[in-house]
Amino acid sequence: MARTLPTLHETDLEAALLRKSVGSLTATRATCEDCGRTPLVGEHLYRYGAHVVVCALCTRRHRTEPDAVELVRHSERGQTVKIIAARAA
Ligand SMILES: [Zn+2]
């Protein structure tokens, strides 16, 4: 008696790979706690406490001063080749 095996269609595989890649991108991305927006590179993020991070647009809603202000950097920061020391000629 032959068993029927589940088949994987090409469109299912594409959708699964897309979901996986988008999920991995959003896992490391900082988003505003208030509006859910992802700040652009070069914008500032305002940190209130250990877990609340808001964007520049939403920081006006908070009455206290932020504990820290962080610059949003490009995702490839720290993964580029750097010149450590110049060689003497
Ligand atoms: Zn916001």
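Visitor: Is C35 buried, partly exposed or exposed?
Guide: First, this is a predicted model, where local features need pLDDT of at least 70, side-chain atom pairs count only at pLDDT 80 or more, and totals for chains, interfaces and linings use all residues. Residues are numbered from 1 along each chain as its sequence is written, and side-chain values use heavy atoms, with hydrogens and water left out. Buried means under 20% relative accessible area and exposed over 50%, with partly exposed in between (1.4 Å probe, protein chains only). C35 has 41% relative accessibility, so the residue counts as partly exposed.

Visitor: Which residues are the protein donors of the zinc ion?
Guide: Donors are N, O and S atoms within 2.8 Å of the metal (3.2 Å for Na, K and Ca); water is not among the atoms, so sites may look incomplete. Here the SG atoms lie 2.3 Å from the zinc ion, and they belong to C32, C35, C55 and C58.

Visitor: What arrangement do the four donor atoms make around the zinc ion?
Guide: Four donors count as tetrahedral if all angles lie between 85 and 135 degrees. Around the zinc ion the angles run from 104 to 117°, so the arrangement is tetrahedral.

Visitor: How are the donor residues spaced in sequence?
Guide: Read along the chain from donor to donor. For the zinc ion, the spacing is C-x2-C-x19-C-x2-C.

Visitor: How many disulfides are there?
Guide: A disulfide is a pair of cysteine sulfur atoms within 2.5 Å. By that rule, the count is zero.

Note on methods. Tetrahedral: all angles 85-135°; square planar, octahedral: opposite > 155°, others 65-115°.
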